[in-house]
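Please look through the structure below with the text beside it, taking one part at a time. We begin with a sheet and then turn to other parts of the chain.

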Amino acid sequence: MIMFKNKKAKLFNNKKGNEMENKENTEKETEQSKVQDSKEQTTDTAKQENDQNTDNKEPEINQKAEETKSEPEATQKVEIDWEQKYKELNDRHLRLNAEYDNYRKRTSKEKADMIKTAGEKIISDILPVVDNFERALENMKEGTDVNALKEGVELILKQLMGMMKNYGVEQIKTENADFDTDLHEAIAQFPAPTPEQKNKIIDCTTKGYTMHGKVIRHAKVVVGA
């Protein structure tokens with residue numbers, strides 16, 4: 001009887017052990033199945049992302065291809081624009097050269113004409129003075145009044161000096177003036193009559209003139225030493 005119970009208990013324990021082992025195996029299989037499902041899900045997700053990235057890259061590749069394809073057309077367009085710009089600038093340059101050449105010829109002609117006729121106004125103003133000199137000479141042939149003739153010549157000289165003044169011509173002052181090499185030319189040097197006249201002009205042999213401040217003839221003078 002006791003042996004039967006032990007045997008029965010042993011069978012019960014073996015059965016319970018088998019059930020526990022089967023349960024553990026079932027749990028392991030379940031876990032492995034979950035791991036496998038997770039791996040498959042991860043693989044599917046990665047594949048989907050890879051497919052999505054591939055789909056997204058295709059428009060970019062197509063866009064880059066279109067841009068690469070359109071680059072020669074843009075370059076050609078730029079070259080055409082530069083060629084047109086070059087033609088416009090070249091045409092403008094030729095026009096400016098032609099205008100400048102015409103201006104240079106015109107100004108050269110005007111300058112030449114001005115040089116030829118520069119003294120026309122001066123000669124026109126001198127002619128009345130020449131007429132008065134001729135009248136004075138005619139009067140000298142028949143006239144006997146020396147004072148009247150002298151007065152007439154002085155009037156003619158005054159007329160001539162007035163005309164020269166209108167053109168900016170002025171006489172250089174020499175009377176009691178200090179000797180100035182910019183205005184005077186010393187032709188002789190004499191002892192000064194007084195100490196105050198040392199290095200001053202004693203006498204003027206030829207008058208000098210300036211025109212608008214520029215010396216056109218130096219005064220020839222004698223300087224006191």
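In this predicted model, three strands form an open sheet in which the order is E1-E4-E5 and the pairing is antiparallel. Strands of a sheet pair through backbone hydrogen bonds, in either a parallel or an antiparallel way. Strand E1 (169-171) and strand E5 (214-217) each have a single partner strand and stand at the edges, so one side of each is left without a neighbour in the sheet. From one strand to the next, the twist averages 35°. If you follow strand E4 (residues 209-211) alongside E5, you will find that they pair in the antiparallel sense over three bridges, and that Tyr209 stands opposite Arg217 in E5.

Turn next to the helices H2 (residues 120-142) and H3 (residues 146-166), whose axes come within 10 Å and cross at roughly 175°. Because angles over 145 degrees count as roughly antiparallel, this crossing makes H2 roughly antiparallel to H3. Among the residues that meet here are Ile122, Ile126, Val129 and Phe133 in H2, and Leu149, Val153, Ile156 and Leu160 in H3. Sorted by class, the contact of H2 with H3 has 12 nonpolar, three polar and one charged residues.

Finally, consider the largest nonpolar core, which is made up of five residues, namely Ala177, Ile201, Ala219, Val221 and Val223. Strand E6 (residues 219-224) gives the most to this core, with three residues. Ile201, itself one of the core residues, touches Ala177 and Val221, and its other contacts include Thr174, Phe179, His184 and Val222, when residues up to four places away in sequence are not counted.

How values were computed: Residues numbered from 1 in each chain as written. Predicted model: local features only at pLDDT ≥ 70, side-chain atom pairs only at ≥ 80, totals over all residues. Heavy atoms only, no water. Axes fitted to C-alpha atoms, helices over the stretch in contact; angles between N-to-C directions. Helix = DSSP H or I, 4+ residues; strand = E, 2+ residues; numbered from the N terminus. Parallel < 35°, antiparallel > 145°, perpendicular 65-115°, else oblique. Contact = heavy atoms within 4.5 Å. Nonpolar A, V, L, I, M, F, W, Y, C, P; charged D, E, K, R; others polar. Pairing = 2+ DSSP bridges. Core = buried A, V, L, I, M, F, W, Y, C linked by side-chain atoms within 4.5 Å. Buried < 20%, exposed > 50% of the residue type's maximum accessible area, 1.4 Å probe, protein only.
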